[in-house]
Amino acid sequence: MKTSSKTFHDKFHNYGQRESCSTLLIKGFPYILSSLLIVTILSFFFLYSPNSLTLVPNQSHDEIIENHSQKQEHEHAKTFVANQDHEIIEEHQHAKVSTLPPSKPHKEKKTCDLFKGHWIRGLRGSSYYTNSSCPTIPDSKNCFKNGRIDSDFLNWKWKPEQCELPMFDPKIFLNMVRGKKMSFIGDSVARNHMDSLLCLLSQEEIPKDIHKDSEDRFRTFYFPNYDFTLMMLWSRFLIVGEERMVNGTGTSVFDLNFDKIDEDWAKVIPELDYAIISDGHWYFRLMYLHQGGKLIGCVYCNEKNVKNYDIDFPLRLSFEKALNYINNCKECKKGKLLTILRTFAPAHFENGVWNTGGYCNRTSPMNEGEVDLGKFEWKLRNVQREELMKVKNNNKGKIKFEILDVTNAMMMRPDGHPGEHWGNKWMKGYNDCTHWCLPGAIDIWNELLLAVLQRDGDEDMMMSFGLESSSNTR
């Protein structure tokens, strides 16, 4: 989000050598007037800004949202109530309490780690939409239409450890992105994310469907009342990956070329204001890896003369290439593009994988103690986070980068997948434990997305007043 900067210049002239009290008062008056003006502007902004991202005090882990009315939660969605007694939560560490000096409230203000927390009971029937109120839900994610009976998986709310995450407000979101272009870039789980946002926003305005390719992979929707464009740019690997064919039939064996970016999404980057980038699930396949014109290794090939790598290796190279490409974008206007990396969202197959009888029939979330942070999914998340931090540390200053870290939250939600309720008549007996039901747990990703956008907007506004950002992710 871009705001113009203002610089205040005050010029003073010396009208005499004698420094009487009245002369000093007159000379100092412009300083006093300027200070009062700045304080007034900042006070007005922090009191009335719709994007202000401050904190709600931490509450008991046993607190149940059912004690609040729907109206109270809706009003809460518009702002975080200030709590300046908590510092940023460092990953896997406890928060330290500090008192902020009144003389530097803006420089020292800290923000909550939205991504470290747990799931708590929410209001029953508190989903933002239904499979009848959102006409754009793909059949494969329309779990109730496909026979899912249990609905308790809808009644859970993400609770960050040190603050409340407000409910999603489509009007606030659309006002923030008015006149902008946003694209989700990645695989079918990225599309799943976009479909969730589409349903949430359609409760405020039904968008126009203005583009759909023959395979339903590239989509564009337009919200005319807000002049907002929402896109899906599909990419298996973010870089060029070609499937090996035999007699015109795909073999599910891929050659990945880390020297070449996938132009299907890359060519659109200069047009965007927001790019939500993700990927990961296509890497669980037999792949041959190419770089510098040479074969450097493979995944799952088990060939004697070829070095075998785990999935995290090609994932790292792909995100390194993609993020560096964005960071070096020559056609991108300075400060226009905000790139948000959404971390890996785990699948939850039990007793097998998708083609060996694996299933996911749980009906409630796991608790924090049941989540194994040693699992490979967490390793993939760490790879993505590390690559984002590298590009942030080498930021050219034109592109802003943020993270949408959903991995921890979604490792606790094996109940959120379609399972057998994905409506594929030709693949009965197979379960979808990779994608997410709509409505469902995935809607939390857009509550988090809105919070990240609000935080970014607040920091841009503070920087326009010459104040230092306090974000720990930029």
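Trainee: Leaving aside its neighbours within four places in sequence, which residues is Met182 in contact with?
Mentor: Keep in mind that the model is predicted. With neighbours within four places in sequence left out, the contacts of Met182 are Phe173, Val177, Leu197, Phe228, Thr229, Leu230, Met231, Tyr274, Ile276 and Leu453.

Trainee: Which residues have the most contacts inside the largest nonpolar core?
Mentor: In soluble globular proteins, nonpolar side chains tend to be buried together. The largest nonpolar core here has 102 residues. Those with the most contacts inside it are Phe173, Met182, Phe228, Trp265, Ile269 and Leu453.

Trainee: Which residues does the second, separate core include?
Mentor: This second core is separate and has five residues. Among them are Val253, Cys298, Cys301 and Val306.

Trainee: What pLDDT does the protein average?
Mentor: A score of at least 70 is reached by 73% of the residues. The average over the protein is a pLDDT of 80.

Trainee: Over which residues does the pLDDT stay under 50 or fall below 50?
Mentor: One stretch with pLDDT under 50 is residues 1–27, with 26 contacts in the model beyond four places in sequence.

Trainee: What pattern do the disulfides of the protein follow?
Mentor: The structure holds six disulfides. With the bonded cysteines counted along the chain, the pattern reads 1-4, 2-5, 3-12, 6-7, 8-9, 10-11.

Trainee: How many residues apart are Cys112 and Cys163?
Mentor: Their sulfur atoms are 2.4 Å apart and form a disulfide, left-handed with -75° about the S-S bond. Cys112 is in the loop between helix 3 (105–108) and strand 1, and Cys163 is in the loop between strand 2 and helix 4 (170–176). The link thus joins distant parts of the chain, and the separation in residues is 51.

Trainee: Why is the disulfide of Cys134 and Cys199 left-handed?
Mentor: The sulfur atoms of Cys134 and Cys199 are 2.0 Å apart. The handedness follows from the torsion about the S-S bond, which is about -80°.

Trainee: Where is Cys199?
Mentor: Cys134 is buried, and Cys199 is buried too. Cys134 and Cys199 form a disulfide. The pair links distant parts of the chain, 65 residues apart, with Cys134 in the loop between strand 1 and strand 2 and Cys199 in helix 5 (residues 188–201).

Trainee: How many residues apart in sequence are the parts tied together by Cys360 and Cys433?
Mentor: This disulfide has its sulfur atoms 2.1 Å apart and is left-handed, with -95° about the S-S bond. Cys360 lies in the loop between strand 12 (338–342) and helix 8 (376–393), whereas Cys433 lies in the loop between helix 9 (407–411) and helix 10 (444–464). The parts tied together are therefore apart in sequence by a residue count of 73.

Trainee: Which are the edge strands of the open sheet of four strands?
Mentor: The order of the sheet is 7-8-10-11, with mixed pairing. An edge strand here pairs on one side only, which holds for strand 7 (239–246) and strand 11 (294–299).

Trainee: In strand 8, which residue is the bridge partner of Glu242?
Mentor: Strand 7 and strand 8 (residues 249–261) run antiparallel and are joined by seven bridges. In strand 8, the partner of Glu242 is Asp255.

Trainee: At what angle does helix 7 run to strand 8?
Mentor: Helix 7 (residues 312–327) lies across strand 7, strand 8, strand 10 (286–291) and strand 11. Its angle to strand 8 is about 50°.

Trainee: In strand 2, which residue is the bridge partner of Ile120?
Mentor: Strand 1 (residues 117–121) has four of its five residues buried. It pairs with strand 2 (residues 156–160) in the antiparallel sense over five bridges. The partner of Ile120 in strand 2 is Lys157.

Trainee: How far apart in space are Ser127 and Leu200, C-alpha to C-alpha?
Mentor: Ser127 is found in the loop between strand 1 and strand 2, and at 26% relative accessibility it counts as partly exposed. Leaving aside neighbours within four places in sequence, Ser127 is in contact with Leu154 and Pro439. Ser127 and Leu200 are 73 residues apart in sequence, and their C-alpha to C-alpha distance is 9.8 Å.

Methods: Residues numbered from 1 in each chain as written. Heavy atoms only, no water. Buried < 20%, exposed > 50% of the residue type's maximum accessible area, 1.4 Å probe, protein only. Helix = DSSP H or I, 4+ residues; strand = E, 2+ residues; numbered from the N terminus. Pairing = 2+ DSSP bridges. Core = buried A, V, L, I, M, F, W, Y, C linked by side-chain atoms within 4.5 Å. Contact = heavy atoms within 4.5 Å. pLDDT = per-residue confidence, 0-100. Disulfide = S-S within 2.5 Å. Axes fitted to C-alpha atoms, helices over the stretch in contact; angles between N-to-C directions.
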